[in-house]
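Colleague: I am new to this structure and would like to learn how to read it. Could we go through a helix and some ring pairs?

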Amino acid sequence: TPLRRGDLAKENPDYFEEAWYEAPAVLQTVVWSEPRKEEVTDGPVISRCSVPLFREEEFLGVVAFDVLIKTLQEYVRRTRLEGGYGVLVRHCGQIISHPNMKLAMADSLYSLAESRGRPELVELADAMAYGETGVRKIEDFHTGKRSWVVHAPISATGWSFAVVVPEAEIMGPVYEKLRRDTAFMLGGLGGIIILLVIVSIHITRPITRLAPVVRAVAAGDLTARVENVASHDEIGEFASIEEFLSTPV
């Protein structure tokens, strides 16, 4: 934006009685005025930054420059915020910058809370008005999505800046990791179950074949035999009925 130089004293001879001149002299710090239209030309909305000048303890005067609110709005809108957007709010809750330009410099968080029945916006506006830093989860009145709002004060101006990011943008990577971990765990659990089934079949199949032969021998049929039991453990030894019967007592 091109700079325009001017003589404020010439345009307004009583400038030394105005707040933009008196406040920095009294407070001895940089002061930003509230957004307003240029008094002389009735031009665009501006905010005046006043910087006091001192020599030792003697007040010499004020250096002031006006910032177009339109320039601030364009800067905030151009800022890339990972799927979200920025909002600039005055201490009174008035919205200075918003993606919906119909709201900028026209509505406040308080009026939106009343017109849309959204009491949580009052809590957000109060927190920002008191210069608090915080994180809140709300349903965004602009997108209608569940979103996280991160806000912090701008000490130089007394305003507050907020970043609104949809919850899906924040939690998306977390949910994706949970899905991957869950799939890995389910795959591992499936492998364990298959292994247990194979082991159980390997153990129980000889016993299943051995059971009717044992019942037959118990009934007096010493000719009973177990077929297809090739294991070399105790079950395999017990399955060899002939060897067992031929062993001298």
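This is a predicted model: local features need pLDDT of at least 70, side-chain atom pairs count only at pLDDT 80 or more; totals for chains, interfaces and linings use all residues.

Colleague: Which residues of helix H2 are buried?

Modeller: First the general idea. An α-helix has 3.6 residues a turn, so residues three or four places apart point the same way. In helix H2, residues 19–27, the buried residues are Trp20, Tyr21 and Pro24. Viewed down the axis of H2, they fall within an arc of 105 degrees, so they line one face of the helix.

Colleague: Which exposed residues does the face turned away from the buried side of H2 carry?

Modeller: That face has Ala19, Val26 and Leu27. Just after H2 comes Gln28, with a positive phi of about 55 degrees.

Colleague: How many aromatic pairs are found in the whole structure?

Modeller: A pair of aromatic rings is described by the distance of the centres and the angle of the planes. The search finds 4 aromatic pairs here. In one of them, Trp32 and Phe65, the ring centres are 6.1 Å apart and the planes stand at 85 degrees, so this pair is edge-to-face. Trp32 belongs to strand S1 (residues 31–32) and Phe65 to strand S4 (residues 58–68), so the pair ties together parts that are 33 residues apart in sequence.

Colleague: What does Phe65 count as at 40% relative accessibility?

Modeller: Phe65 counts as partly exposed.

Colleague: Which residues do ring pairs link into a cluster?

Modeller: The cluster consists of Trp20, Tyr21, Phe54 and Phe59. Over the face of Trp20 lies Arg48, at 4.9 Å from the ring centre. Trp20 is also among the buried residues of H2.

Key: Residues are numbered from 1 along each chain as its sequence is written. Side-chain values use heavy atoms; hydrogens and water are left out. Buried means under 20% relative accessible area, exposed over 50%, partly exposed in between (1.4 Å probe, protein chains only). Helices (H or I, at least four residues) and strands (E, at least two) are DSSP runs, numbered from the N terminus. The arc is that of the directions from the helix axis to the C-beta atoms. Rings of Phe, Tyr and Trp (its six-membered ring) pair if their centres lie within 6.5 Å; planes under 30 degrees apart count as stacked, over 60 as edge-to-face and the rest as tilted. A charge sits over a ring if NZ of Lys or CZ of Arg is within 6 Å of the ring centre and within 35 degrees of the ring normal.
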